[in-house]
Amino acid sequence: MGLTGIQIFKYLPKTNCGDCKFPTCLAFAMRLAAAQVRLDACPHVSEEAKKVLTEVSAPPIRLVKLGMGDRTIELGDETVLFRHEKKFNHPSALALLIADNLTDQEIEQKIQQVNNSVMERVGQKLRVELICLQERSADPARFAQVAKKIVASSEAGLILSSFKPEMIKAALAETAARNPLIYAATEENYSQMTALAKEYKLPLAVFSDKGLEALSSLAEKVAAEGVEDLVLDSGARSSGRMLSDLTQIRRAAIKKKFKPLGYPTIIFPGEGGGDALMEAARAGIGIMKYASLIVLNSIEKEVLLPLYTLRQNIFTDPQQPMQVAENLYKVGEPNQDSPLLITTNFSLTYFIVLGEIENSKVPSWLLVADSEGLSVLTAWAADKFNAPKIAKLVKKQNVEEIVKHRKLIIPGYVSILSGEIEEELPGWKVLVGPREAANIPKYLRDMTSSAAL
Amino acid sequence: MAYTVPKEAYNGKINQVEVGRNQHKLIMGGEETLPFLSFEGKAVSTVPLALEIQDINPTGDWASSLTEIYGSVMDNPAEWARMCQDEFKADMICLRLAGTHPDNGDRSPQEAGKIVEAVLSAIKVPLIILGSNHVEKDAAVIKHVAEVAANTGSIIGKAQEKNYKTFAAVATAYGHKLVALSDLDINLSKQLNILLTQSGFDSKNIIIDAMSSTLGYGLEYTYSVMERIRLSALQQNDAMMQMPMICDIGEVTWKVKEAKATEQDQPAWGAVRPRGILWEVLTALSFLMAGGNLVVFRHPEALSRVRSILAELMATA
């Protein structure tokens, strides 16, 4: 386990044929060691080498896919414990729980709630990805009927939840094509559940609340029977055990290469008790600390927006700042006399400046320059936010036709640019705004009250 | 394959800091693991939760979700503090002297001192005294108010690179703990702690402020900086990173529109009250997961929600 590139190289054909798209076998071996390519990219590798190397090239946490087509949900395949080390690959997927003993009308409403859960933030479309259908009716026909209805009226991914294999079997006849997750194999039912997962080639959740030793040995037994796309549930329902179990599972998989726990995880934060806010708080901890799949009882908008935002924050690439599009943005309902401010397109800079302009309640224009995601000072230092660029942007965005005045407010930290901008933009006057965004409201209010414009 | 619990061995631990006076002292820090991981060692056992009050009535500046809770006590900092202590069960009160800022009333150090005195006599729980985040004015104000609060074991702040000497001198002279604020960067944070220590200040009395942000507005930066500070404290036994960390989240959280826009203005965002509370709760939990030891809230229900979650996190399973 954990072979170096040189060690891996010994097992490769050493022909440098290039069929793997890398120039040499050594280059391929290096990529393999860094888990950046998969072994199947080499068509010539021997069976013996494959056996040794599959172990090495397998990700420490298996990639498991649910759902269909462009609504496929990928879980797992994480390689680090902390987000500053490397981007977390697959954002925690959210599911809404629907019990099959609700009325048809209630069920329809909940399905629509999932279908209408899309919100947009920083250019990303965020949604509740799945529906978890939970069997409470003890009636296979009812369970199957609701499952069928869900598949017919939503494109969401599906989790079929029952510890009774006959229930799952009844629902699968109608829904297997959606590639649902079967929840769950337990110590008691695992051979039947495993047989179903094998028959339909579906991922399977494994549940044991008797500790991680019991959970890992159950996962091992299921895998030995030939089902390898697993999702783990340790039965943790309160925040403390959730954090402890999810941390141990992630660490065991990544640091100890402990294969029986090298799978994505599922949590049910609402089952720990309390209302929608308590559920959301526990879900939040799951987003931060290693839950792959989060099943919620409540997805009201006021809960979703915070959870979506948290998920976006935690799963952002730490090496790649989030950016907003270069544009002339309206803040409030500005007119041709409203103040015009400029900043860079680092999303954090943009959001903070935008927020403070909103706080000022002065309708304004905010011109956002593409600085490749750098903040104002850094962008200026890297020459990505300079006078020629700013002048070009003013022309490109037709600012001179949109505002009547010719005054541009620049961030206080780049006051040094004012003379140069005025040279590049004849007829314009550059005003130096505050250094800190927090002082924008006062600046704008003072400016409008003294009618500087 | 037998499962063994994947424990980490840490070399360092977090300083334990005691604040407050008489029988109402509180401790924070002292943990020897990453947050709440009691399976591998001594996890954090107390996380004080504070509510913020101000020396001047913040109506207009604060979101209405907040001002409708506090109402008329906002005119009287001492009563406001008492309400937070008695009714909302805050473990500490955080008095932000917003009215000393040159653009926001420009109150004198003496006026601020009177308010500190009144608040201290109204409460038993420990007090955090913060300036208005104006480096020069804060230094002038703190000289006086630290003396007014002498021997109460309060926390004062925020010392920054440009005014830390004044803060360090008065914190030492009058027996206070010190919040050291730097600009969202692990190296700057460490450097300020080194400067403070080199100036003769006892590093055991420092509380790190890594610069809090809020959900959706830079949360991930604070989160990762705090996580890295904790890791270097525990794994590398870096004494200049082993201070408890404060999460001053109320101010940044209740500024953003997601926390305060009404449902009429933003129908797609749902009800404003729970949304705002959850915004503050998730921000707090993020920084607690990253190693925070003390949280300053503005909404009492956000505080009580986090208290319930903390009870779950600290329960031995």
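1. Strand E14 (residues 340–344) of chain A pairs with E15(A) in the parallel sense over five bridges, where two strands count as paired if DSSP finds at least two bridges between them. Strands (E, at least two residues) and helices (H or I, at least four) are DSSP runs, numbered from the N terminus. Within this pairing, Val368(A) of E15(A) is the bridge partner of Thr343(A).

2. A word on the basis of these remarks: this is a predicted model, in which local features need pLDDT of at least 70 and side-chain atom pairs count only at pLDDT 80 or more, while totals for chains, interfaces and linings use all residues. Residues are numbered from 1 along each chain as its sequence is written, chains are lettered from A and ligands numbered from 1 in the order in which they are written, and side-chain values use heavy atoms, with hydrogens and water left out.

3. E14(A) and E15(A) also belong, together with helix H12 (residues 347–360) of chain A, to a right-handed β-α-β unit; right-handed means that, with the strands pointing away from the viewer, the path from the first strand over the helix to the second runs clockwise.

4. E15(A) has a further partner in strand E13 (residues 327–331) of chain A, and these two pair in the antiparallel sense over five bridges. Here Val368(A) is the bridge partner of Asn327(A).

5. Six of the six residues of strand E15 (residues 364–369) of chain A are buried, so the strand is largely enclosed by the rest of the structure; buried means under 20% relative accessible area, exposed over 50%, and partly exposed in between, with a 1.4 Å probe and protein chains only. Ser364(A), Leu366(A) and Val368(A) point one way from E15(A), whereas Trp365(A), Leu367(A) and Ala369(A) point the other way.

6. Strand E3 (residues 93–99) of chain A is likewise largely enclosed by the rest of the structure, because seven of its seven residues are buried. Its buried residues include Ala93(A) and Leu97(A) on one side and Leu94(A) and Ile98(A) on the other. E3(A) runs parallel to strand E6 (residues 130–134) of chain A, joined by five bridges, with Ile98(A) opposite Leu133(A). E3(A) also pairs in the parallel sense with strand E12 (residues 293–296) of chain A over four bridges, where Val295(A) is the bridge partner of Ala95(A).

7. The domain assignment of chain A gives domain 1 (5–57), domain 2 (64–314) and domain 3 (327–449), with bounds that come from an automatic or database domain assignment.
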